[in-house]
Amino acid sequence: MIALLAEDDELILKTIEHKLKKEGFSVTLTRNGLEAIELLKKENFDLIISDIMMPFASGIEILAELKALKKEIPVLMLSSMGQEEIVLEAFDLGASDFMIKPFSPNELIIRINRLLKIK
Amino acid sequence: MEKALTLHDLNLSILVILILVFIFILGLLIYSFREYKLEANRQQWKNKLDSFLMEAIVENNITNIPLQHELVELSRYAGFRRFFLNQLISSERKFSGVASNVLQAVFHQYNLDEESFRLLNSSKAHLIARGIQALTIMKVNSAYPTILNFQQYKNELVLHEVQYAMVQFDGFNGLAFLNQLQLKLSDWQQLRILNSIKSYPQNSSDKLSEWLDSSNPSVIIFVLKMIRKFQIFELHPKLMKMLPLHKDRIQTEIIKTLFVIETDQTFDLLVNEFSKLTEKSQQEVIEGFGHNRAYDQLNFLKDQLLNNPNKQIKVFAAEALYNLVEVNYLINLSDTLQPQDPTVLVLNHALQRKI
């Protein structure tokens, strides 16, 4: 299983990366939305975890690009409190699930496993 | 008689100026070097702490937090301790569950609770605020009485942290600070506090009702948001009474709230008050009818579309009708009206925006 992890906060990025690796995932990291979009065009992923607010391109733009590429990949979005409207937009664009920060990394793994089972 | 400036005096002046310029440049260089070193240190500390915290979180072990020799050594410096504290506070905002407990364990293991208490004795307001914030976020219950001593402090930053602490430690009862709040409760602070209140105790509507009569508009707006969050239906009559008494933002916030705690009378009551409302509130009512499926108000909306002189209200009415699946009515109306009729423009605009 290959996961794309897009997040600009170093601690969150590294923590999720280690959690995913412990679960047997191979993880591709990116710290900005534009790079995430480029990676999506070039490579195939089984799962995407993306922050909503990121430099150069937002998580919403990543979802829009995914839709344009017609790739059906489960996407779990991370958002901060006060971004409820953006979260609704994300669901409209095909996000599979979202978690609001502060979030529990253990719960994130449970949700990912559930998402992949549904798929 | 005035003494003439000699060549020697001139040389001396130039020399003094050159020395001053030299001292200034030297000072600037020393300052820049120190800033550069500090920034480099911070970056190094950040990487070390990120890696340490990440490992602690991934390990999930609350009872056995490692005491890293390097971090203990660095903790002898006040600059590092404060940096460590800041990193922990910002990390606590990112994680919940076991990860959050791990961060609290790190906080105590590295004696950062002592550092936070020390900050409360500082003469600088931003450091006091940071100390309160740390003790609150790390749930140090024993600090609460000390934090309460800052309730009358003459600095907004400190007061915001005290308010947040009161709600974190005392839940709904911590909102007692609203009783006499004179300062504006900023939107961000409202969001922060609202997010911290996890439950609403039964039979507390009297207290909310009291705050709704506050002379501080930001308190009223905050309480309206709380009514929406906890869906406190028993305050519907009170809000209806308040509606004509307010203007501007409070009025629109009341309308938003009424739609959330809607009863079978809400729509009719809003229609009765409609002509007395501000334009912004009228738009809110019409928009709310569209979203809240007000099928019993179709005639009212049609009337607003055809007869209200305000173009913006017409657009909102057309959009609400569209939401209530009255597309055919809108299309037929568009066909029957004269092309130069201003309502046709509104209809086309509304339909285009929706399609």
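1. In this predicted model, a salt bridge joins the side chains of Asp9(A) and Lys94(B), with 2.7 Å from N to O. The count of salt bridges between chain A and chain B is one. Polar contact between chain A and chain B comes to four residue pairs, both residues at pLDDT 80 or more.

2. On the side of chain A that touches chain B, the elements giving two or more residues are α1 (10-22) and α5 (105-118) of chain A. The largest share, eight residues, is from α1(A). By type, this side of chain A has six nonpolar, five polar and six charged residues.

3. The contact as a whole draws 17 residues from chain A and 21 residues from chain B. About 1600 Å² is buried between chain A and chain B, 68% of it on carbon and sulfur atoms.

4. Over all chains, the structure has 17 aromatic pairs. One of them is the edge-to-face pair of Phe274(B) and Phe300(B), at 5.0 Å centre to centre and 85° between the planes. Phe274(B) sits in the loop between α14 (266-273) and α15 (279-291) of chain B, and Phe300(B) in helix α16 (residues 298-307) of chain B, 26 residues apart. Phe274(B) and Phe300(B) are both buried.

5. Phe300(B) also pairs edge-to-face with Phe289(B): 5.8 Å centre to centre, 80° between the planes. Because Phe289(B) is in helix α15 and Phe300(B) in helix α16 of chain B, this pair ties together parts 11 residues apart in sequence. Phe289(B) is buried.

6. A cluster linked by ring pairs consists of Trp45(B), Phe52(B), Phe80(B), Phe83(B), Phe84(B) and Tyr110(B).

Definitions and conventions
Residues numbered from 1 in each chain as written. Chains lettered and ligands numbered in written order. Predicted model: local features only at pLDDT ≥ 70, side-chain atom pairs only at ≥ 80, totals over all residues. Heavy atoms only, no water. Contact = heavy atoms within 4.5 Å. Buried area = accessible area lost by both parts, 1.4 Å probe. Salt bridge = Lys/Arg side-chain N within 4 Å of Asp/Glu carboxyl O. Polar contact = N/O pair within 3.5 Å; in protein donor to acceptor, adjacent residues only side chain to side chain. Helix = DSSP H or I, 4+ residues; strand = E, 2+ residues; numbered from the N terminus. Nonpolar A, V, L, I, M, F, W, Y, C, P; charged D, E, K, R; others polar. Phe/Tyr/Trp six-rings, centres within 6.5 Å; stacked < 30°, edge-to-face > 60°. Buried < 20%, exposed > 50% of the residue type's maximum accessible area, 1.4 Å probe, protein only.
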